[in-house]
Amino acid sequence: MKKLNPGYFEFFFFRYGFIVIFIQIVSISLYFFTEEKDPFNLACSAILCLLFLVFVCSSDYWILKKNLSLANVFLTDNGLIINETPYPAEQIKEVAFMPVRHALNKFPAYFIEITTHDGAVFYFLEKSMGWDFESPTLKLLNKHPLFSSKTKEKSESSEGFSAFKKQKQSSQKLTEK
């Protein structure tokens, strides 16, 4: 079994951690390369970076939690386990990579959308993108013999969380027909 979705801490650290690390490296460099050796400035920058990281990560977490119920997904040899419910590969209709850019946040968030044949739709956060800017989950599923034909990429949406509501409404209309 392989876990496909990252934890919230892992997701937010890879999303915003590089900003904090960059600021800390600059602060430490300035501390060692300037003549003024006041550790107070170094401590203030470290505390401000920590507060920034906590504030931004918690606000993003609450926005996600409020607008979207994210699934916990594991890949097995013959299917997926979504929120502790096994789904064989035959029951999975499509696995799609979905970049979403929210109006308030300039960074796109990457989601995976799983659609089943009975009309259920599940979303989960994608792991951090590699240097090649390819989805690690889609790369893994493309190598899996049961899921290689069920993966696809959707175009980037700039509608934020309303893109998920439109997806749910369209899938509900399809199941009603």
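Trainee: K37 is placed in the loop between α1 and α2 (39-67). What makes K37 count as partly exposed?

Mentor: Its relative accessible area is 41%. Buried means under 20%, exposed means over 50%, and partly exposed is what lies in between, with a 1.4 Å probe and protein chains only. K37 has 41%, and is therefore partly exposed. Please note that this is a predicted model, in which local features need pLDDT of at least 70 and side-chain atom pairs count only at pLDDT 80 or more, while totals for chains, interfaces and linings use all residues. Residues are numbered from 1 along each chain as its sequence is written, and side-chain values use heavy atoms, with hydrogens and water left out.

Trainee: With which residues is K37 in contact, leaving aside its neighbours within four places in sequence?

Mentor: They are Y31 and F32. Contact means heavy atoms within 4.5 Å.

Trainee: Which residues does the UniProt annotation "transmembrane region" cover?

Mentor: According to the unreviewed UniProt entry, they are residues 12-34 and 40-64. UniProt positions are given in the numbering used here, feature names are shortened, and annotations may be inferred rather than shown by experiment. In the model, the span 12-34 is 96% helix and 0% strand, with its end C-alpha atoms 33 Å apart. The span 40-64 is 100% helix and 0% strand, and its end C-alpha atoms lie 36 Å apart.

Trainee: Which residues make the nonpolar surface patch of about 550 Å²?

Mentor: F9, F13, F14, I21 and I25 make it. Patches are made of residues with over 30% relative accessible area and no salt bridge; like charges are joined within 9 Å, and nonpolar side chains (Val, Leu, Ile, Met, Phe, Trp, Tyr) within 5 Å. F13, in helix α1 (residues 8-33), has 35% relative accessibility and therefore counts as partly exposed. Accessible areas come from the Shrake-Rupley method with a 1.4 Å probe; for residues, only the protein chains shown count as cover.

Trainee: Where is V26 found, and why is V26 called partly exposed?

Mentor: V26 is found in helix α1. Its relative accessibility is 35%, so V26 counts as partly exposed. V26 and S45 are 19 residues apart in sequence, and their C-alpha atoms are 10.0 Å apart.

Trainee: How many disulfides does a search of the whole structure find?

Mentor: The search finds zero disulfides, a disulfide being a pair of cysteine sulfur atoms within 2.5 Å. As for individual cysteines, C49 has a relative accessible area of 5% and is therefore buried, whereas C44, at 28%, counts as partly exposed.

Trainee: What makes E94 and K152 a salt bridge?

Mentor: The term requires a side-chain nitrogen of Lys or Arg within 4 Å of a carboxyl oxygen of Asp or Glu. The closest N and O atoms of E94 and K152 are 3.6 Å apart, and the pair forms a salt bridge. The pair links distant parts of the chain, 58 residues apart: E94 is in strand β5 (residues 92-101) and K152 in strand β8 (residues 151-153). The structure holds one salt bridge. K152 counts as partly exposed because its relative accessibility is 37%.

Trainee: Why is E84 called exposed, and why is N83 called partly exposed?

Mentor: E84 has 77% relative accessibility, and so counts as exposed. N83, at 40%, counts as partly exposed. N83 lies in the loop between β3 (79-82) and β4 (85-88), and E84 is also placed in the loop between β3 and β4. Phi is positive in each of these residues other than glycine: near 50° for N83 and near 65° for E84.

Trainee: What makes E90 exposed?

Mentor: Its relative accessible area is 58%, and E90 is therefore exposed. E90 lies in the loop between β4 and β5. Leaving aside neighbours within four places in sequence, E90 is in contact with H117 and K150.

Notes
Helices (H or I, at least four residues) and strands (E, at least two) are DSSP runs, numbered from the N terminus.
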